[in-house]
Amino acid sequence: MKKFIRSLLVFSSVIVLSACGATTPDNAEDEAQSSEQASEESTDAASGASEQEEYTDPSELENKYDLVIVGAGGAGMSAALQAKEEGANPVILEKLPVAGGNTTKSSGGMNASETKFQEKEDIEDSNDTFYEDTLEGGQETNDKELLRYFVDHSADAIDWLDNMGITLNNISYSGGASVQRIHRPEDGSAVGGYLVEGLLRNVNENDIPIFVNTDVTKINEDNGEVDGVEVEIDGDAQTIEADAVAVTTGGFGANEEMIEENRPDLEGYVSTNSEGSTGDGIKMIEELGGQTVDMDQIQVHPTVIQEDGTLISETVRGEGAILVDHEGQRFFNEMETRDKVSEAITELPEENAYLIFDDALADRAKQVDFYKEQGVVESGDTIQELAQEIDLPEDQLEETLADWNETVDNEDDQDFGRETAMDYDLTEGPFYAIQIAPGIHHTMGGVKINTNTEVLDEDDQVISGLYAAGELTGGLHGNNRIGGNAVADIVIFGRQAGSQATTFAQENK
Ligand SMILES: Cc1cc2nc3c(=O)[nH]c(=O)nc-3n(C[C@H](O)[C@H](O)[C@H](O)COP(=O)(O)OP(=O)(O)OC[C@H]3O[C@@H](n4cnc5c(N)ncnc54)[C@H](O)[C@@H]3O)c2cc1C
């Protein structure tokens with residue numbers, strides 16, 4: 001197969017995640033991320049991420065495949081690899097110049113229960129406990145059938161990745177999980193870059209054609225049977241026939257219009273998402289009569305840089321940072337769930353706040369080095385100097401820090417009832433501030449599927465030949481996604497989509 005080389009913009013973070021930062025159901029995955037530019041800058045210290053991967057030459061695009069996979073994120077590449085393993089000849093079509101999507105940005109890890117790595121470390125977990133934890137996190141609004149399939153196939157997904165040289169054997173606590181369950185690369189670094197690089201390497205080794213700059217604009221059907229897609233590749237339109245189509249185009253966190261349509265209250269929010277997360281798959285499936293669920297369940301993250309959507313990891317608060325308003329005063333329990341902290345910030349007159357922390361915290365939370373490189377961290381040798389830098393009342397900020405340090409000493413937050421992440425005071429200069437406000441983070445709703453990843457129509461009937469997996473689907477997370485479950489979702493249901501679509505294609509040739 002003729003190939004051409006492109007730079008892979010992997011987010012191969014140097015960030016080592018801190019388990020002690022994970023203290024609430026929502027802060028589970030510690031989703032530090034960056035712009036793609038910064039990602040490239042951090043590849044040196046990455047865990048095994050290569051800088052170059054191969055994509056198929058556009059001239060090799062054929063008119064017919066067994067299985068067309070739309071979108072080259074974690075779900076799409078998992079689907080393709082599983083399909084190939086089961087005898088299909090799939091093709092992956094990706095609209096951006098590189099593979100990875102939101103998957104590249106994920107950093108916390110992948111949840112799984114009853115894994116060999118947990119067993120090795122004598123971590124007692126069960127699929128039932130994973131099920132219960134997720135249900136509790138989603139306030140029992142999760143699709144229980146999808147959830148059952150999900151937990152029961154999580155350990156197998158970890159083994160499958162390991163067999164391909166993608167080893168997630170560093171296990172930690174994450175919020176919402178009652179035991180150590182979040183699986184990360186051996187060195188504790190970000191999962192996303194490592195996973196995308198590993199999947200892409202396997203896609204290449206298995207000679208699975210993967211076309212970038214290939215925008216799928218429509219899913220075709222004939223007499224109720226899906227039979228291919230329309231694409232635009234380098235500006236040219238082309239029809240590609242297929243025995244089955246698996247849609248893995250990710251969520252709609254970067255599509256302002258769709259966000260506003262489903263959640264008018266989130267109008268104008270910045271997004272942490274990849275530019276490819278525009279809900280294309282959801283729209284194309286809706287055109288075919290596909291059903292959607294939970295479209296208004298959009299996860300907002302409270303600490304996002306407004307200029308570029310960079311997410312400030314919850315580890316910073318988990319390690320002891322406080323939030324102050326423009327008066328220099330605390331205003332909320334910083335360790336409350338994402339939705340509540342976000343709301344409290346939005347209710348401030350300026351609709352933004354400052355994360356305040358000291359040098360000792362910056363040492364504990366390695367992410368801060370990256371934020372400093374990004375130029376988003378203000379500093380002062382003393383609290384007074386910091387207050388001057390960010391234009392807050394000096395005396396008030398000093399008083400707030402003094403009160404906070406007393407609160408930590410007494411382990412009693414009488415003002416806001418914070419109970420966790422109070423192990424360290426903020427006394428060691430220099431002192432730091434990062435201005436943040438809420439941002440769109442994850443779209444939990446999407447197209448309705450069954451456990452075979454078959455897409456269902458408004459009458460809950462299967463749309464023949466059409467499969468979907470990953471963030472474009474809805475139901476699994478209910479109204480609150482537990483951190484670490486999205487990466488598990490894309491591998492588990494991505495594989496299932498590859499497998500089921502292959503069986504369908506083989507039976508309906
Ligand atoms: C900053 C950040 C940090 C996160 N951290 C974590 C974490 O630590 N743990 C966790 O579990 N979850 C995390 N998440 C969530 C998780 O990363 C995503 O939900 C998941 O990776 C989505 O995978 P996917 O394969 O469904 O979609 P994506 O990875 O987004 O891939 C979809 C692909 O489809 C392509 N595409 C879209 N439309 C078309 C089209 N019309 N034609 C062709 N291609 C198309 C896109 O360009 C993209 O490449 C994080 C998310 C963000 C934004």
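## A helix crossing and a buried strand

Helix H7 (residues 154–163) and helix H17 (residues 485–507) cross at roughly 85°, and their axes come within 9 Å. Axes here are lines fitted to C-alpha atoms over the stretch in contact, with angles from 0 to 180 degrees between N-to-C directions. H7 is therefore roughly perpendicular to H17 (a term for angles of 65 to 115 degrees).

This is a predicted model: local features need pLDDT of at least 70, side-chain atom pairs count only at pLDDT 80 or more, and totals for chains, interfaces and linings use all residues. Residues are numbered from 1 along each chain as its sequence is written, and side-chain values use heavy atoms, leaving out hydrogens and water.

Which residues make the contact between the helices? H7 supplies Ser154, Asp156, Ala157, Trp160 and Leu161. H17 supplies Val491, Ile492 and Arg495. Contact means heavy atoms within 4.5 Å.

Now the strand. Six of the six residues of strand E16 (residues 353–358) are buried, so E16 is largely enclosed by the rest of the structure. Buried means under 20% relative accessible area, with a 1.4 Å probe and protein chains only. Ala353, Leu355 and Phe357 point one way from E16. Tyr354, Ile356 and Asp358 point the other way.

| Strand paired with E16 | Sense | Bridges |
|---|---|---|
| E15 (residues 322–324) | antiparallel | three bridges |
| E18 (residues 431–443) | antiparallel | six bridges |

Isoleucine 322 has isoleucine 356 of E16 as its bridge partner. Phenylalanine 357 has tyrosine 432 of E18.

Terms used. Helix = DSSP H or I, 4+ residues; strand = E, 2+ residues; numbered from the N terminus. Parallel < 35°, antiparallel > 145°, perpendicular 65-115°, else oblique. Buried < 20%, exposed > 50% of the residue type's maximum accessible area, 1.4 Å probe, protein only. Pairing = 2+ DSSP bridges.
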